[in-house]
Amino acid sequence: METYIKNIEHSTVLPLASQVEYQAGQIASKTLAQSNHHSLTLFAFEKGEEISSHESRGDAFVQCLDGVGKITIGGKEYVLNAGEAIVMPAQVPHAVYAVERFKMLLTVIFPENQ
């Protein structure tokens with residue numbers, strides 16, 4: 001049987017934030033799904049780590065699982081706490097910065113025609 005979601009147990013209730021671990025001085029990630037149409041990735045940022053400004057061809061949905069992150073979209077800053085989410089629109093520059101240790105689930109939906 002082909003699986004579409006990988007690197008995580010199926011048919012098991014799991015605390016999502018514990019599926020990726022913090023690593024000193026780094027951003028750790030775990031890809032759960034990837035295709036031409038979507039990606040699903042867990043991230044754990046150590047305090048002060050960041051993904052610099054860039055653009056995506058798809059809308060990116062960020063769900064904060066733990067800690068505090070600063071999301072910059074089109075030059076405007078937003079603070080994201082555990083349990084909160086934000087959409088980073090396609091083709092708009094965005095960046096992610098860990099104000100404190102920060103875990104997030106990133107879901108990107110890519111356009112079908114590309």
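**Notebook: salt bridges, rings and a hairpin**

I counted three salt bridges, taking as a salt bridge a side-chain nitrogen of Lys or Arg within 4 Å of a carboxyl oxygen of Asp or Glu. The model is predicted, so I kept to its cut-offs: local features need pLDDT of at least 70, side-chain atom pairs count only at pLDDT 80 or more, and totals for chains, interfaces and linings use all residues. Residues are numbered from 1 along each chain as its sequence is written, and side-chain values use heavy atoms, with hydrogens and water left out.

**Entry 1, salt bridges**

I looked up Arg 101 and found a salt bridge to Glu 46, with the closest N and O atoms 2.8 Å apart. This pair links distant parts of the chain, with Arg 101 in strand E7 (residues 94-109) and Glu 46 in the loop between strand E2 (38-45) and strand E3 (50-54), 55 residues apart. Strands here are DSSP runs (E, at least two residues), numbered from the N terminus. For accessibility I used three classes: buried is under 20% relative accessible area, exposed is over 50%, and partly exposed is in between (1.4 Å probe, protein chains only). Arg 101 is partly exposed at 41% relative accessibility, whereas Glu 46 is buried at 14%.

I then took Lys 47, which forms a salt bridge with Glu 100; the closest N and O atoms are 4.0 Å apart. Lys 47 lies in the loop between E2 and E3 and Glu 100 in strand E7, so the pair ties together parts 53 residues apart in sequence. I noted Lys 47 as exposed at 52% and Glu 100 as partly exposed at 38%.

Lys 70 forms a salt bridge with Glu 77, and the closest N and O atoms are 3.5 Å apart. Lys 70 is partly exposed at 23%; Glu 77 is exposed at 52%.

I checked strand E4 (residues 59-73) against strand E5 (residues 76-81): they run antiparallel and six bridges join them. Strands pair if DSSP finds at least two bridges between them. Gly 69 has Leu 80, in E5, as its bridge partner. Two residues lie between the strands of this hairpin, and Gly 74 takes a positive phi near 55 degrees.

I counted two aromatic pairs. Rings of Phe, Tyr and Trp (its six-membered ring) pair if their centres lie within 6.5 Å; planes under 30 degrees apart count as stacked, over 60 as edge-to-face and the rest as tilted. Phe 43 and Phe 45 form a tilted pair, 6.0 Å centre to centre with 35 degrees between the planes. Phe 45 and Phe 102 have ring centres 5.6 Å apart and planes at 45 degrees, so this pair is tilted. Phe 45 sits in strand E2 and Phe 102 in strand E7, 57 residues apart. Ring pairs link Phe 43, Phe 45 and Phe 102 into a cluster. Phe 43 and Phe 45 are both buried; I read 0% relative accessible area for Phe 45 and 0% for Phe 102.

I found Gln 19 in the segment before strand E1 (27-34). Gln 19 is buried, at 17% relative accessibility. Leaving out residues up to four places away in sequence, Gln 19 touches Ile 8, Leu 14, Lys 30 and Leu 42, where contact means heavy atoms within 4.5 Å.

Conventions
Helices (H or I, at least four residues) and strands (E, at least two) are DSSP runs, numbered from the N terminus.
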